[in-house]
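Visitor: Please put the model up. I would like to go through it by asking for one thing at a time.

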Amino acid sequence: MVFIVIIVIIVLFVFWAIGLYNGLVKLRNRRQNAFADIDVQLRQRHDLVPQLVETVKGYASHEKELLMRVTEARSVAMNAKTIDDKIVAEQQLTAALQGLRVQVEAYPDLKANQNFLQLQEELSDIENKLAASRRFFNGATTEYNNAVESFPGNLIARNFGFQREVFFDLGTESRKQMEE
C-alpha cells in the first residue's frame with residue numbers, strides 16, 4: 001500500500017513538473033509571437049527610412065553625418081539576429097531618427113515638402129503602432145519573467161534553460177531626450 005502511495009506521489013509530481021514546463025514554453029512562445037508583431041512594424045520603418053533620407057538629402061546636403069548615422073543604424077537594425085540584438089539596434093535607430101527630426105526643424109522648405117510630410121506621417125503612424133506592439137511585448141515579457149523567477153516555476157526554469165528576458169524600452173538615449 002505504501003508503495004502505491006509513493007508511486008502516485010511520484011506520478012503527480014511528474015505531471016506537475018510537466019505542467020510547469022509547458023506553461024513556461026507557452027509564455028516564452030507568447031513573448032516571441034509578440035516580438036514578431038513588432039518585427040512587422042520594424043520592417044515597415046526600415047523600408048521607409050531610405051525614402052526619408054533621400055528626401056532630406058536634397059534639402060540638407062550638409063547634414064551628411066546625421067544622414068549616415070541614420071543609414072548605418074538602419075543597416076545594423078536590419079542585420080540584427082536575436083531579439084535582444086534587435087532591441088538594442090532599434091533603440092539606436094530610434095535615437096538617430098529623433099536626431100533627424102530635430103535637424104529638420106532648421107529647414108522650412110523641407111517641412112513644407114509634400115513628399116516629406118507624407119513620409120513623416122507614415123513614420124509617425126508606424127511609431128504609434130510600434131508603441132502599441134512594444135506594450136504588448138513588454139506585457140508578455142513581464143508574464144514570462146514572473147513565471148521564470150517565481151517559486152516553484154524557477155525550479156523548472158533553472159533546470160531547463162529558461163531565463164529572465166529583457167524588455168523593449170526606449171533606451172537610455174531616448175529617455176534622456178524625453179526628460180529634457
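Guide: One term first: a helix crossing is left-handed if the near helix is turned anticlockwise from the far one by less than a right angle, and right-handed if clockwise. The model is predicted, with local features needing pLDDT of at least 70 and side-chain atom pairs counted only at pLDDT 80 or more, while totals for chains, interfaces and linings use all residues. Residues are numbered from 1 along each chain as its sequence is written, and side-chain values use heavy atoms, leaving out hydrogens and water.

Visitor: What does the secondary structure of the chain come to?

Guide: Helices (H or I, at least four residues) and strands (E, at least two) are DSSP runs, numbered from the N terminus. Read along the sequence, the pattern is α-α-α-α-α-α-α. The total is therefore seven helices and zero strands.

Visitor: Are H2 and H3 roughly parallel or roughly antiparallel?

Guide: Axes are lines fitted to C-alpha atoms, for helices over the stretch in contact, with angles from 0 to 180 degrees between N-to-C directions. The axes of H2 (residues 64-79) and H3 (residues 83-104) come within 8 Å and cross at roughly 155°. Angles under 35 degrees count as roughly parallel, over 145 as roughly antiparallel, 65 to 115 as roughly perpendicular and the rest as oblique. H2 and H3 are therefore roughly antiparallel.

Visitor: Is the crossing of H2 and H3 left-handed or right-handed?

Guide: Residues in the contact (heavy atoms within 4.5 Å) include Val70 and Ala77 of H2 and Glu90, Leu93 and Leu97 of H3. By class the contact has 11 nonpolar, three polar and three charged residues, where Ala, Val, Leu, Ile, Met, Phe, Trp, Tyr, Cys and Pro count as nonpolar, Asp, Glu, Lys and Arg as charged, and the others, Gly among them, as polar. The crossing of H2 and H3 is left-handed.

Visitor: Is Glu90 buried or exposed?

Guide: Glu90 lies in H3 and, beyond its neighbours within four places in sequence, contacts Leu42, Arg45, His46, Ala77 and Phe168. Buried means under 20% relative accessible area, exposed over 50%, partly exposed in between (1.4 Å probe, protein chains only). Because its relative accessible area is 2%, Glu90 is buried.

Visitor: Which residues does His46 contact, leaving aside its neighbours within four places in sequence?

Guide: His46 is found in H1 (residues 2-59). At 4% relative accessibility, His46 counts as buried. Its contacts beyond those neighbours are Arg74, Ala77, Met78, Glu90 and Leu93.

Visitor: Which peptide bond is cis, with omega near 5°?

Guide: The proline concerned, Pro152, is in the loop between H5 (114-149) and H6. The cis bond runs from Phe151 to Pro152.

Visitor: What separates the C-alpha atoms of Asn154 and Leu24?

Guide: Asn154 is found in H6 (residues 153-159) and counts as buried at 18% relative accessibility. Its contacts beyond four places in sequence are Ala147, Val148 and Glu149. Leu24 is 130 residues from Asn154 along the chain, and the C-alpha separation is 9.8 Å.
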